[in-house]
Amino acid sequence: MAFSEKRENNGAAEDSNHSRLIKLREFDDTKLGVKGLVDAAVAKVPEIFRISNNNNKHQSSSGSVLTIPVIDLKHPNTTAAAAVRREIVGGIRGSCEEWGFFQVVNHGIPEGILDEMIQGVRRFHELDPEIKKRYYTRDLISGFFLVSNFDLYRSAAASWRDTMGCVAAPDLPPPEQLPDATRDILIEYSKQVKQLSKTILELLSEALGLEPNRLNQLGCGAGQLLLGHYYPACPEPEVTIGVTDHTDASFITILLQDQIGGLQVLHRNKWVDVQPRKGALVVNLGDLLQLVSNDKFISVSHRVVPKRIGPRISVACFLRPLIHKGDTDSPPVYGPIPELLSEENPPVYVEADVREFMRIHSSRGLDEPSPLQHFRV
């Protein structure tokens with residue numbers, strides 16, 4: 001190709017990128033998110049949301065018998081139920097090694113609280129637009145926020161999703177900073193999920209062959225981010241994505257989803273539907289747990305496909321290290337847990353400065369490679 005032709009092609013690409021940036025800013029500046037598009041009765045998905053065929057590079061297993069494991073927690077903390085606990089731990093171990101995903105039932109959070117949390121997220125997202133605009137921001141650290149697409153300016157295509165949320169641990173924002181539509185249930189649900197997270201981390205510790213308190217002592221649940229996702233009905237679900245193929249940067253994520261469906265996990269190079277189960281919670285492992293487990297447990301790709309019906313609502317609690325904005329102290333450093341290492345099982349990761357780990361995660365599009373690759377030996 002001649003130099004002049006290359007220059008023309010580069011110029012065309014720059015013009016296209018500039019045009020896209022203008023459209024992204026126009027969308028972002030409305031502060032209305034995807035819900036605003038649906039309220040305006042758009043008949044076609046805007047260009048900034050349209051995905052390439054590469055996003056569907058893996059085969060779908062819809063209609064197959066594959067399903068993620070379901071773990072019945074029963075009464076895992078009672079000393080009289082040692083055999084039951086061993087069964088639970090064994091099930092979790094197999095799920096973490098093979099799938100990186102499982103659902104839990106009989107987890108202790110009343111179904112009424114789960115239902116009300118879903119409704120609380122829906123109430124907020126369906127508030128008067130002028131009220132919601134007050135919370136719209138790209139600063140996801142301070143207080144309660146509303147945003148559409150965390151990686152809006154970095155992703156190849158925007159996702160058909162809006163999100164409300166706040167830091168939930170060590171503490172929620174003051175009650176007066178939380179919107180009336182979701183305040184009470186947000187406070188209650190965060191208490192419940194904190195308690196459950198401690199139990200799940202204990203079971204994961206035992207599944208790794210460690211003392212039950214090991215992961216909690218490492219601070220794996222010290223910081224928690226609670227997000228309420230809203231996926232509006234989509235007029236052209238085949239041309240966009242609810243949220244793109246990605247892994248989580250957390251230690252684990254505890255997910256509450258409604259009954260509409262759409263969540264898929266990548267298993268053996270096939271997309272497997274995570275079928276909604278009334279009263280169940282989905283647990284998936286994040287990149288940081290894969291790192292500290294030295295690849296014994298896996299963090300796997302997952303996505304959400306949009307639907308013509310909706311809205312789909314989910315609530316995700318991300319368990320992550322505790323990092324305060326503007327901290328001058330040395331941030332936590334995580335590497336493979338020493339008890340898991342041996343001559344036969346040497347470390348496959350160097351120690352990771354968590355602040356740097358999170359910086360890499362937040363500086364990329366969700367569909368770009370995991371930060372884990374930067375810390376491999």
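Q: Buried means under 20% relative accessible area and exposed over 50%, with partly exposed in between; why does aspartate 295 count as partly exposed?
A: In this predicted model, aspartate 295 has a relative accessibility of 28%. That value falls between the limits of 20% and 50%, so the residue counts as partly exposed.

Q: What makes the pair of arginine 376 and aspartate 295 a salt bridge?
A: The rule asks for a side-chain nitrogen of Lys or Arg within 4 Å of a carboxyl oxygen of Asp or Glu. Here the N to O distance is 3.1 Å, so the pair meets the rule. The pair links distant parts of the chain, 81 residues apart: arginine 376 is in the segment after helix H9 (354-362), and aspartate 295 is in the loop between helix H8 (287-292) and strand S12 (302-304). Arginine 376 has a relative accessible area of 40% and is therefore partly exposed.

Q: How do you know that glutamate 339 and arginine 214 form a salt bridge, and which parts of the chain does the pair tie together?
A: Their closest N and O atoms are 2.6 Å apart, and the limit is 4 Å. Glutamate 339 lies in the loop between strand S14 (333-334) and strand S15 (352-353), while arginine 214 belongs to helix H7 (residues 214-217). The pair therefore ties together parts that are 125 residues apart in sequence.

Q: Are glutamate 339 and arginine 214 buried or partly exposed?
A: Arginine 214, at 19%, is under the 20% limit and so counts as buried. Glutamate 339 has a relative accessible area of 47%, between 20% and 50%, and is therefore partly exposed.

Q: Why is the contact between glutamate 87 and lysine 74 called a salt bridge?
A: The closest N and O atoms are 3.4 Å apart, within the 4 Å limit, so the pair qualifies. Glutamate 87 sits in helix H3 (residues 82-98) and lysine 74 in the loop between strand S2 (70-72) and H3, 13 residues apart. Lysine 74 is partly exposed, at 32% relative accessibility.

Q: How many salt bridges does this rule give, and which residues are linked in a network?
A: The count comes to 18 salt bridges. Lys44, Arg50 and Glu236 are linked in a network of them.

Q: How do you know that the length of helix H6 agrees with its number of residues?
A: Helix H6 (residues 183-207) has 25 residues, and at 1.5 Å a residue these should span 36 Å. The end C-alpha atoms are 36 Å apart, so the two values agree. Just after H6, glycine 209 takes a positive phi of about 85°.

Q: Why is H3 called roughly perpendicular to H6?
A: The axes come within 9 Å and cross at roughly 80°. Angles of 65 to 115 degrees count as roughly perpendicular, and so this term applies to H3 and H6.

Q: What residues make up the contact of H3 with H6?
A: Arg85, Ile88, Val89, Ile92, Arg93 and Cys96 in H3 meet Glu202, Leu203, Leu204, Glu206 and Ala207 in H6. They divide into 7 nonpolar, no polar and 4 charged residues.

Q: What makes arginine 355 partly exposed?
A: Arginine 355, found in helix H9, has a relative accessibility of 32%, which lies between 20% and 50%, so the residue counts as partly exposed. Its C-alpha atom is separated by 7.7 Å from that of proline 332, 23 residues apart along the chain.

Terms used. Residues are numbered from 1 along each chain as its sequence is written. This is a predicted model: local features need pLDDT of at least 70, side-chain atom pairs count only at pLDDT 80 or more; totals for chains, interfaces and linings use all residues. Side-chain values use heavy atoms; hydrogens and water are left out. Helices (H or I, at least four residues) and strands (E, at least two) are DSSP runs, numbered from the N terminus. Buried means under 20% relative accessible area, exposed over 50%, partly exposed in between (1.4 Å probe, protein chains only). The expected span of a helix is 1.5 Å times one less than its number of residues. Axes are lines fitted to C-alpha atoms, for helices over the stretch in contact, and angles run from 0 to 180 degrees between N-to-C directions. Angles under 35 degrees count as roughly parallel, over 145 as roughly antiparallel, 65 to 115 as roughly perpendicular and the rest as oblique. Contact means heavy atoms within 4.5 Å. Ala, Val, Leu, Ile, Met, Phe, Trp, Tyr, Cys and Pro count as nonpolar, Asp, Glu, Lys and Arg as charged, and the others, Gly among them, as polar.
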